[in-house]
Amino acid sequence: MLLEIRDLHARVEDKEILKGVNLTIRAGEIHAVMGRNGSGKSTLSKVLAGHPAYTVTGGSVTYRGENLLELDPEQRARTGVFLGFQYPVEIPGVSNLEFLRVATNARRAQKGEEELDTFAFEDLVRERLQVVQMDPAFLDRSVNEGFSGGEKKRNEILQMALLDPLVAILDETDSGLDIDALRIVAGGVNQLASPDNATLLITHYQRLLDAITPDYVHVMAAGRMLRTGGKELALELEERGYDWVDQELAALAAAEVA
Amino acid sequence: MTASLSAPTQRAAWLEQWLSQLPAASGALAAVQQRGRAALAQQGVPSSRSEDWRFTDLSLLQALPLAAAQPAQPTLDAGGSVLRLQLDGQSDPLAGVTLPAGLEVLSEAELAQGLGHTLAATACQQHWPVELNQASATQVLALRVKSRASAALELVSASAGGMLPLRILLVLEEKAQLDLSQLIEARAAGLVSLVIEAHLARSAQLRHGLVAFGQNDAALFSHIAVEQEPESQAALSNVAAGWGLARHEPRLVQVQGQAHSFLRGLQLVGGQQIADTHSFVQFSGPEGELDQVHKAVAAGQGRSVFNGAVRVPREAQQTNAAQLSRNLLLSDRARIDTKPELEIVADDVKCAHGATVSSLQTDELFYLQSRGIGAEQAAGLLKRAFCEEVLRALPEPARQWCPLDQLELESA
């Protein structure tokens, strides 16, 4: 068991967004969480990564037997939890190469591996660049500054390739990608998936799931998992749209009142 | 308050004491010293009622030793290929030095003619810090860069306490180029005063990078006055950190417009420190350009002041000027005062200005943390990134003098 989320409740400011999320992820699995805007998908990813704007008000998250919620964001990352951002942040003045090296060494130190010096790191990063077919010129620029949407997402997957996470949470990694970029990013994710790690894809659309085959698909609505199934659930959603979600939610609300 | 210069009687007493301990006027600058002393006695020490000094408390001066500075060696590596001159305010910086081709010492007649000319042209000859320098400086480094020559110099000064006045006069002939990297270090209580005048003939290029590291019981006053003929380029960059009190005044005049002025400033304050930049750019003709960015980082109870004056009179049509003040506030007890002061009479000009004050961005910090970078290291990377734009503008030797730890601030 890598990650176990039990009855997770969380709010941002005074607004409760997660209202009892349950999810269990084992090594070797790929999970997809689908749902409409505002269903709580992105909040779930940020809560797992430890974003300070979100407050957990109930429930638990156990990561490899430990309470994940007790850890600082940087400790979560060092122990192998990775969040691929929907909107990667631009940081003018911080070199991408230096950023990647400091991050990689922080993760390596946690794993008991030796620190990589500038030269050793350059070798590693050049090799990993191939995973996302990225131009080395991006290493010399500031973190994400002036990158196109597709370049930013590739940079996220490059970070994932360097940090070698055990649980990778990819928040709408497919948004804003053209078909070629989507293929490259999905190829990177597939290449990095192994029997020892797990991937949680948060997405709106089926098209990412054409390129990455999930073991489980969860539909999220109103802050919890409404339904769980196999990859066919995603296809069903694509066909029927999300309208049935409202009916199920209404039925659920009625049942709770009664 | 007994130990401050807020009362007129205390300012007068401090000045009287300061003037009385100066040695008798002597040497090549004797007449200048006498005029400076008379002017100081006349105008006194500025009070916070004067608009130019409104936010800048001079109380620290009260605590500083007044005697001439003890010379000290700057903490620098051996340096590279660029000629390095030591300025200690006392000994001859050119003794035993062979100047590179294209650089010459001004004659006495030229010095007499040139000294003070650019101060007057940039309307600062009567500024208090300038008079303070004139009253006490006993020597001046006066150099010419010959037409079409290209030269580079390092000027380094360290103070082990007391009063250190530095005065420099530069004449750049047509198409001459000079890269000047200047380091000032204070390592004990004291006052450092710098006055530079530079005259840039047509198509001349001056690049000056001033790196000044002080400490809590040290004060720095610097005036850098530049006169620009058409087609000339002046690039002045300044980094000041650690001073109890620092006041920096870059002053440029484009005498007939059609020149390019580039200003970059970075000041860092923590603890109880005060740093103040008052810049002044005057376009006295058409088609002049200004590109100015001033940055400040304020932590602790530090205080940063920026006042950016730009004068665009009627004759300065088609001026293109941009000024930006960006400030990073790291503590809720620190204070930033920033003010553009644009005086535009010409009607066909582009004059942009802007000011921002922000703290470290939560989203940027979280992004770095989410990659395993500790909160403190992440904050350090972001602070360094904020400074980077100014550091990049320094000439290469000066840039090497700005290691990360010198720019670290106590955020307490």
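Predicted model: local features only at pLDDT ≥ 70, side-chain atom pairs only at ≥ 80, totals over all residues.
**A guided reading of chains A and B**

Strand β14 of chain B, residues 289-298, is mostly covered, since 7 of its 10 residues are buried. On one hand, β14(B) is joined by 10 bridges to strand β12 of chain B, residues 260-269, and the two run parallel. Within β14(B), B:Ala298 stands opposite B:Val269. On the other hand, 10 bridges also join β14(B) to strand β16 of chain B, residues 320-329, again with a parallel course. Here B:Asp291 has B:Ala322 of β16(B) as its bridge partner. In general, strands of a sheet pair through backbone hydrogen bonds, either parallel or antiparallel.

Chain B also holds an open sheet of 9 strands, in the order β2-β3-β5-β7-β9-β11-β13-β15-β17, with mixed pairing. At its edges stand β2 (103-105) and β17 (335-344) of chain B, each of which pairs on one side only. Two of its members, β7 (residues 190-200) and β9 (residues 218-228) of chain B, run parallel and are joined by 11 bridges. In this pair, B:Val226 of β9(B) lies opposite B:Ala198. Helix α5 of chain B, residues 128-136, packs on the sheet and touches β5, β7, β9 and β11 (245-254) of chain B. The direction of this helix makes about 100° with that of β7(B).

The nonpolar interior may be considered next. In soluble globular proteins, nonpolar side chains tend to be buried together. The largest nonpolar core of this model has 105 residues, of which B:Leu172, B:Val211, B:Ala219, B:Leu220 and B:Val239 touch the most other members. Strand β5 of chain B (residues 162-172) supplies the largest share of this core, 8 residues. Which residues are in contact with B:Leu220, leaving aside its neighbours within four places in sequence? They are B:Ile184, B:Val192, B:Ala212, B:Gly214, B:Ala240, B:Trp243 and B:Ala246.

The crossing in which α3(A) passes α5(A) is right-handed. From α3(A), the residues A:Leu100, A:Ala103, A:Thr104 and A:Arg107 meet A:Gln159, A:Leu162 and A:Leu163 of α5(A). By kind, the residues of this contact are 4 nonpolar, 2 polar and 1 charged.

The loop between β8 (142-143) and α5 of chain A contains A:Phe147. Why is A:Phe147 classed as partly exposed? The reason is that 18 other C-beta atoms lie within 10 Å, whereas a buried residue requires 20 or more and an exposed one 12 or fewer. Not counting residues up to four places away in sequence, A:Phe147 touches A:Lys152 and A:Asn155. Between A:Phe147 and A:Pro88 there are 9.9 Å in space, C-alpha to C-alpha, although the two are 59 residues apart in sequence.

Definitions and conventions:
Residues numbered from 1 in each chain as written. Chains lettered and ligands numbered in written order. Left-handed = near helix turned anticlockwise from the far one by under 90°. Helix = DSSP H or I, 4+ residues; strand = E, 2+ residues; numbered from the N terminus. Contact = placed C-beta atoms within 7 Å. Nonpolar A, V, L, I, M, F, W, Y, C, P; charged D, E, K, R; others polar. Core = buried A, V, L, I, M, F, W, Y, C linked by C-beta atoms within 7 Å. Pairing = 2+ DSSP bridges. Axes fitted to C-alpha atoms, helices over the stretch in contact; angles between N-to-C directions.
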